[in-house]
Number of protein chains: 4
Amino acid sequence: MDLQGKWFFELITPDLVLLYRVKNFLYSGKTDYQDVEILETGTFGKSLVLDGKTQSTSADEHIYHEALAHPALLLHPNPRSVFIGGGGEGATLREVLAHRSVERVTMVDLDGRVVELARAHLPEHSRGAFDDPRTRLVHQDARRYLAETTEVYDAIVLDLVDPLEGGAAYTLYTREFYEIAMSRLSRDGVLVTQSGPGSLLNHTECFTAIVNTLSGLFPATLPYAVYVPAFVTPWTFTIALKGPAAASSLSGPEEVDALIGERLQGRLRFYDGVTHRHMFSLPTYLREGIAAERRVVTDDAPVFMV
Amino acid sequence: MDLQGKWFFELITPDLVLLYRVKNFLYSGKTDYQDVEILETGTFGKSLVLDGKTQSTSADEHIYHEALAHPALLLHPNPRSVFIGGGGEGATLREVLAHRSVERVTMVDLDGRVVELARAHLPEHSRGAFDDPRTRLVHQDARRYLAETTEVYDAIVLDLVDPLEGGAAYTLYTREFYEIAMSRLSRDGVLVTQSGPGSLLNHTECFTAIVNTLSGLFPATLPYAVYVPAFVTPWTFTIALKGPAAASSLSGPEEVDALIGERLQGRLRFYDGVTHRHMFSLPTYLREGIAAERRVVTDDAPVFMV
Amino acid sequence: MDLQGKWFFELITPDLVLLYRVKNFLYSGKTDYQDVEILETGTFGKSLVLDGKTQSTSADEHIYHEALAHPALLLHPNPRSVFIGGGGEGATLREVLAHRSVERVTMVDLDGRVVELARAHLPEHSRGAFDDPRTRLVHQDARRYLAETTEVYDAIVLDLVDPLEGGAAYTLYTREFYEIAMSRLSRDGVLVTQSGPGSLLNHTECFTAIVNTLSGLFPATLPYAVYVPAFVTPWTFTIALKGPAAASSLSGPEEVDALIGERLQGRLRFYDGVTHRHMFSLPTYLREGIAAERRVVTDDAPVFMV
Amino acid sequence: MDLQGKWFFELITPDLVLLYRVKNFLYSGKTDYQDVEILETGTFGKSLVLDGKTQSTSADEHIYHEALAHPALLLHPNPRSVFIGGGGEGATLREVLAHRSVERVTMVDLDGRVVELARAHLPEHSRGAFDDPRTRLVHQDARRYLAETTEVYDAIVLDLVDPLEGGAAYTLYTREFYEIAMSRLSRDGVLVTQSGPGSLLNHTECFTAIVNTLSGLFPATLPYAVYVPAFVTPWTFTIALKGPAAASSLSGPEEVDALIGERLQGRLRFYDGVTHRHMFSLPTYLREGIAAERRVVTDDAPVFMV
């Protein structure tokens, strides 16, 4: 009688579906921008699902959020002002605030209702980060905010939902947007964005196109990937550096470990020097895919995930 | 009408199921030892499934088989005689035979019917390897064969089905078996075995126990992992070296690339120097899991996968 | 993207599963006796599921409950005192109370928590029936209650969960229980019980055995069946008459319609004279299955549904 | 491990899906007109599936085919010449040929490949009927055939696939088609068509519209319904009589049984007098649905099933 009961179906591709057995559906609803499910599964604990796609789960969110936030911030000599685009659950915010140098974080997430729901149902994702005096939370379109602000940031961390057709986020993955973002970075500024799945079978959906788009704008680009269990695929991130020098600054595992010790409060669960080398040593197909990519993502020619 | 039609359900855990949409069921049957399905999916092409578990698919079998065979053989100074345990589809055989130094390969797979079916339905997996004059194919229990043979091997490559409760393979993952295997290795001999899944959520199922068991016997053990799309999880392998010196011999990506060029015929699709570094730089949780592991797998206390 | 989202799996047989797309899970929990889900689907509206089996849904509960209650009560010349065994949602109670002659209904359902949940989440199933002054609600084992009571009933209506292995209800389908029940019926008393599924493929699971058991005790037995959409199969009921005369009293559709008009308050949605003829004219396989049945269900040799 | 393995998903509605566990996929392919699957399940034995919809299965095809063929033929005083529209598997043909009076059957099924496949894989459905000297098999559009033929038939039996949007069959459910068919019937001629599902939740999809369309043309119309396990819903049929007298001729179960004995060779498995009464005594909602229906199906305003 294994099969009986409550399940959540997530489409990986139209031909591949993941079925999670659900213990509890904690919240089901719609915000002004998206469908929201907060559910609890035996495998992943609590899970936030937006528009049918798992965003983060209790069991493994630290992999995603540490991998997103730390390499970029460590590549900056002294990040004091940070911008987060998206980041609803507050876990990216939590990781950014762990950097002792950080004095001010502006988090701009369009969907205030998702932030509210995450605070109510997933407090362990933010662990007080929203109450940190360094945090400023704004509910607005991140592109518009960056276009209009006069502030300048040492780091821009883009923790956005995937560029789905019909979704709102695809304009945050284009050359035009990256030009705006670049203009808001300080001299040694660093930008990092999640850049979609990175397995042999799906890395050209958007990863290689995003890397190629950023490479055309920034002096240096550093793509990397890590397996996130709840996504059942490696996930990619791409760092873009405004100042070229920093690119070589994290040369060995020992140096990464030393920097983590120096600059971060508390202990990390996932990211360390050897893990850094693991993530930045891309398997062949990712390197070949990047080398072969010619697409530049623009407002008129966006990329969409399946 | 997306959902309509033929699907294959594969249990990842009792709470997590993968649904593949199937284009064609090419073969369904039972051998003396296991259930066999050969099916074709949109995502993975042709797929061999034994006892309900995907073994290899056209789309990504090169990742698994290159990762299994090449690091171990390159760690041996001059592998001439190789033993393959299992390896039904012939793809491991194909990769082993690509090494110019290899003069003789003994492949011992219990289930002759699976080999036959793979040759008929998946000829692109073996690509003529069964007809290579260096190949000797035996259908017998690999443990018994090794216990009784007087041959000595430079490399033992274990491409076995998972240790499932009630299955036949679990006795090929125990200390007693590894003692037999070690005794059949030549002085600089190297053994490699697949060692189960390696994500945050499943790496202690059998991976860490196998590593710990081999570490207790061999002078040096080298665990590594790589994501295999059809398994939807990173997969692990463990190398055990009879002679300690070799362990340090593949220090940098350039050296691996040079060795590949020297010792292998034809071009690899997946494995190269940077990929080697990616695979052997284990993420935190795998290193921590190995460090914390105390189990030794024995005939009386075997490990089973879920 | 049809497939994405929340689904409920209900096992019809180990080889046949029904997937309902769920709009909302309204309640999920365990009582002292069973798992309870109250969910809302596009097809059936709100649905009560006990131990993984759909019990009744907004869309079609009137079919089941009218079919269960009315034929038996109309076969009695003047039912004043009625016993309901089970009947958690209160819909059987509602239908029984629609008979003008009924002066007193004792409903004995073991699981008070299910009654509470149904009143809270499915008030349209009981429509005030629990507040009717003629209703007496007891939470106790129905068999024990009947064994110990000194009351006598004109009708006993058994609206029980299926006899599942390991469940509590199977002792309410045995010869020993029916002997107790018969002893509590007045002279012209009538008993009716739900008696399980009635399709060609499942009618011998328990239906024919229940009919045979009742036939061995009561002067007359009247099995009938009706399709209930949420069960995706015809469902059976069996009436047993303590006084033989009544058996012939509902001979034609017109007579049934006349009696309904006379004896019932309000309008029925499903049951009428032609429907009565439909339900009591059993298709061949049910008549043949009954004729061939030799099993008598006893406490020592119970029947279980799959 | 219940869930593991091969399944077939059939959409009942977009919110309700049936999963069959499949033992063997015997045939998968496309003809010029439709997708064909022939598969074997534990519950239903061998099953023919066209365009994703189960057409008939070994376990229960006799219910559908006896219910389709016999009432109409018995309502004709002496059916000698019969036209079958569709009927690919040959089971309707088999039942029609069981009538001793039948001298000539013209079966017109568009898709010769389906007939071939059914003869090869499902020979027990036709049981030699295609080799009966009275049979004439034509592969052509049934509407065009009827429009062009000069033959006249005592009975027209329409065993067609459902009227699906984009499918070919929907023009065989329109007033224009029924006018053609009526013109090809002899004086006491009878037409019967399958008319779609007949549960509370789906009977207005096409059943009531087809009945209303035939009622507008023929002197008498007799709708009926029977549960077919593999369809998990009652299925409807509609008889239309060119001569009004016959309509009253099957008044009681005994008369039906007598006629069956007189006019049919061999023993029926499902249809008999009481079953006839069961099928023609429609439950309330079908009678009410017919009474309320105003749609007339025409070539310009067809009905489609979901």
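This is a predicted model: local features need pLDDT of at least 70, side-chain atom pairs count only at pLDDT 80 or more; totals for chains, interfaces and linings use all residues.
In what kind of crossing, left-handed or right-handed, does α8(C) pass α9(C)? Residues are numbered from 1 along each chain as its sequence is written, and chains are lettered from A, with ligands numbered from 1, in the order in which they are written.

Chain A contains ten helices and twelve strands, where helices (H or I, at least four residues) and strands (E, at least two) are DSSP runs numbered from the N terminus. Its radius of gyration, taken over C-alpha atoms, is 18 Å, close to the 19 Å given for 306 residues by the globule rule, so chain A is as compact as a globular protein of that length; the rule itself is 2.2 Å times the number of residues to the power 0.38. Taken along the principal axes, the C-alpha atoms of chain A fill a box of roughly 60 × 45 × 40 Å.

Chain A is superposed on chain B by a rotation of 180° with 0.0 Å of shift along its axis, at an RMSD of 0.0 Å, and that is the relation of a two-fold axis. Such superpositions are made by least squares on the C-alpha atoms of residues with pLDDT of at least 70 in both copies. Where these chains meet, 34 residues of chain A are in contact with 34 residues of chain B, contact meaning that the C-beta atoms, placed from the backbone, lie within 7 Å. On the side of chain A that touches chain B, the elements giving two or more residues are β2 (16-30), α9 (273-280) and α10 (284-292) of chain A, and the largest share, six residues, comes from β2(A). By class, this side of chain A has 18 nonpolar, nine polar and seven charged residues, with Ala, Val, Leu, Ile, Met, Phe, Trp, Tyr, Cys and Pro counted as nonpolar, Asp, Glu, Lys and Arg as charged, and the others, Gly among them, as polar. The copies meet through the same surface, because 100% of the interface residues of chain A are also interface residues in chain B.

The opening question concerns a pair of helices inside chain C. Two packed helices are described by the angle between their axes and the distance between the axes. In chain C, helix α8 (residues 253-263) and helix α9 (residues 273-280) pack at an angle of about 125°, with their axes 7 Å apart; the axes are lines fitted to C-alpha atoms, for helices over the stretch in contact, and angles run from 0 to 180 degrees between N-to-C directions. That makes α8(C) oblique to α9(C), since angles under 35 degrees count as roughly parallel, over 145 as roughly antiparallel, 65 to 115 as roughly perpendicular and the rest as oblique. The crossing of α8(C) past α9(C) is right-handed: a crossing is left-handed if the near helix is turned anticlockwise from the far one by less than a right angle, and right-handed if clockwise. The contact is made by C:Pro253, C:Glu254, C:Val256 and C:Asp257 of α8(C), together with C:Gly273, C:Val274, C:His276 and C:Arg277 of α9(C), and these residues divide into three nonpolar, two polar and three charged.

In chain D, the axes of α8 (residues 253-263) and α9 (residues 273-280) come within 7 Å and cross at roughly 125°, and α8(D) and α9(D) are therefore oblique to each other.

Note on methods:
Two residues are in contact if their C-beta atoms, placed from the backbone, lie within 7 Å.
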